[in-house]
Amino acid sequence: MSSRLSLSTTVTEHGDVLQVKVPLPFPLRFVNSYLLPGPGGWTLIDPGLRTEAAELLWESVLAERGIRFDHIERIVLTHHHPDHYGLAGWFQERSGGAPVLMSRTAWEQTRLLWGEGQPMTEKLMALFRTNGLPAELEKAVRENMDSFVQAVSPQPQVTIIDEAQKVRLGKDDYEPIHTPGHASGHLIFYRAETATMFCGDHVLPQISPNVSYLPGIDENPLASYMASLELISRYEVRLAFPGHREPFAHLQQRAKELIAHHRQRLESMRVLLTQPRTAYDVCRAAFGEKLSTHQLRFALSETVAHLIWLREQGAARCTERDGIIRYEQQ
C-alpha cells in the first residue's frame with residue numbers, strides 16, 4: 001500500500017482501488033471516494049460534496065494519476081446524501097455524459113430534497129416544529145438545508161440500479177444489497193469471490209452513522225437500520241471500503257457493535273422520559289448544547305428516529321397538545 005498527499009488529502013492505493021479523501025466543510029472532514037480501473041475506463045464511487053476545494057482536489061488527483069475526465073466511464077452512488085452525491089452532476093458534465101447509477105429510492109429523495117420547490121424542506125420544518133424546535137432556531141435550520149442545493153448542483157441524469165442484477169465496478173461485478181436505515185435506498189456492493197465490500201455509510205469504523213427520520217420515507221428507520229446490520233453481519237468480508245475513515249476488515253464485529261450502541265442509546269433516551277419531553281428536549285439532553293446548526297438538524301432527526309422505535313416497541317407513548325408532540329415512558 002502506498003500513499004500520496006494532494007491538497008491536504010491522501011490518495012491511497014488498495015490493490016487496483018484508489019481511495020480518495022475528498023474534503024468536507026464540516027466535522028467529518030473527509031468523505032471517501034473510490035476509483036476502480038476497468039477495460040472501458042474508470043468507475044467512480046461517491047464523488048463527494050461539491051465545493052471549490054473538492055473540485056480543485058479532483059482536478060489535481062486526476063492530473064497526477066494521468067486520468068482525464070472523459071476516462072470516467074461511470075459514477076456509482078451508494079446513497080443520496082450530499083457528501084456522496086453532490087459532485088455526481090459535475091462529473092457527469094466534465095466526463096461528457098458518464099452515467100450516474102443509484103437506487104430508485106435514493107433518486108426519488110434527491111427530487112424531494114433538491115428538486116423543484118424542495119418539498120422535503122417544508123415537511124422537515126413542520127416535523128421539527130412539532131417536535132419542539134424553538135422558533136428562534138427555525139431560520140438557521142432552514143438556511144442550513146437550503147445551503148446544500150448549490151452543493152449538489154448541477155444534478156445528474158440518473159440511471160436506476162436494478163437491485164436484482166450485478167453492477168460492474170471497474171473490471172468486476174458486484175452484488176448490490178439494499179441496506180436502509182442510515183439512508184433509505186442505501187446500497188452496498190459486495191463481491192463474494194474476493195470478500196470485498198463497498199459499504200458506503202452503512203457500517204463505519206470508529207464512528208456511528210446518523211440514523212434520521214425523514215417524513216414519508218421510512219416510518220421506522222432505526223428498525224430498518226438494525227435489520228440491515230443483522231443482514232450484513234452474515235456476509236464474509238475481508239476488506240470493507242467505507243464512506244468515512246479507513247478501510248477495515250472487522251465488518252461483522254463492527255455491525256454488532258453498532259447494534260449494541262443503538263440499544264444503549266435507546267435505553268439512555270428511555271430513561272429521560274420519566275416525564276413528558278419533546279424530541280428537542282431529549283436531543284439536547286442526549287447530544288448536548290454545543291451543536292452547530294448542521295449538527296443539531298441531524299441530532300434532532302436521529303432523536304426522533306429513536307423515539308419512534310421506543311414508541312413502536314411499547315416502551316414509550318406520545319401525546320400531542322397545541323401542535324407539539326411529547327414522549328414519556330409507557
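In helix H10, Ala 279, Tyr 280, Val 282, Cys 283, Arg 284 and Phe 287 meet a set of residues in helix H11: Leu 296, Ala 299, Leu 300, Glu 302, Thr 303, Val 304 and Leu 307. Sort that contact by class, and you get 10 nonpolar residues, one polar and two charged. Keep in mind that this is a predicted model.

How do we describe such a pair? Two packed helices are described by the angle between their axes and the distance between the axes. Here are the values. H10 covers residues 279–287 and H11 covers residues 293–312. Their axes are 9 Å apart, and the packing angle is about 110 degrees. Angles from 65 to 115 degrees count as roughly perpendicular, so H10 is roughly perpendicular to H11. The crossing of H10 and H11 is right-handed.

H11 has another partner. That is H6. The axes of H6 and H11 come within 9 Å, crossing at roughly 95 degrees. So H6, too, is roughly perpendicular to H11. On the H6 side, look for Leu 137, Ala 140, Val 141, Asn 144 and Met 145. On the H11 side, look for Thr 293, His 294, Leu 296 and Arg 297. This contact of H6 with H11 divides into five nonpolar residues, three polar and one charged. Notice Leu 296. It is listed in the contact with H10, and it is listed in the contact with H6.

Next, a single residue. Find Asn 131. It sits in the loop between helix H5 (119–130) and helix H6 (135–146). Is Asn 131 buried or exposed? Its relative accessibility is 2%, and buried means under 20%, so Asn 131 counts as buried. What is Asn 131 in contact with, once we set aside neighbours within four places in sequence? The list is Thr 278, Ala 279, Tyr 280, Val 304, Ile 325 and Tyr 327.

Now to charges. Side chains of opposite charge can pair when their charged atoms come close. How many salt bridges does the structure hold? It holds 20.

Start with Asp 172 and Arg 191. Their side chains meet in a salt bridge, at 3.5 Å from N to O. This pair links distant parts of the chain. Asp 172 is in strand E10 (residues 172–178), Arg 191 is in strand E11 (residues 187–191), and they are 19 residues apart. Arg 191 has 17% relative accessibility, so it counts as buried.

Next come Arg 254 and Glu 257. Their salt bridge is 3.1 Å, N to O. Both are in helix H9 (residues 251–271). They are three residues apart, so about one helical turn separates them. Arg 254 counts as buried, because its relative accessibility is 10%. Glu 257 is partly exposed, with a relative accessible area of 33%.

Which side of the pair is buried, and which is exposed? Glu 289 counts as exposed, at 57% relative accessibility. Arg 284 counts as buried, at 14%.

Salt bridges can also share partners. Here, Asp 16, Lys 171, Asp 172, Arg 191 and Glu 193 are joined that way into one network.

Last stop: the backbone. Where is the cis peptide bond? It runs from Ser 153 to Pro 154, with omega near -5 degrees. Pro 154 lies in the loop between helix H7 (148–151) and strand E8 (158–160).

Now check two phi values. Phi of Arg 29 is near 75 degrees, which is positive in a residue other than glycine. Arg 29 lies in the loop between strand E3 (17–23) and strand E4 (30–38). With 53% relative accessibility, Arg 29 counts as exposed. Asp 322 also has a positive phi, near 55 degrees, and is not a glycine. You will find Asp 322 in the loop between strand E14 (316–321) and strand E15 (324–329). Asp 322 counts as exposed, at 72% relative accessibility.

How values were computed
Residues numbered from 1 in each chain as written. Predicted model: local features only at pLDDT ≥ 70, side-chain atom pairs only at ≥ 80, totals over all residues. Heavy atoms only, no water. Axes fitted to C-alpha atoms, helices over the stretch in contact; angles between N-to-C directions. Helix = DSSP H or I, 4+ residues; strand = E, 2+ residues; numbered from the N terminus. Parallel < 35°, antiparallel > 145°, perpendicular 65-115°, else oblique. Left-handed = near helix turned anticlockwise from the far one by under 90°. Contact = heavy atoms within 4.5 Å. Nonpolar A, V, L, I, M, F, W, Y, C, P; charged D, E, K, R; others polar. Buried < 20%, exposed > 50% of the residue type's maximum accessible area, 1.4 Å probe, protein only. Salt bridge = Lys/Arg side-chain N within 4 Å of Asp/Glu carboxyl O.
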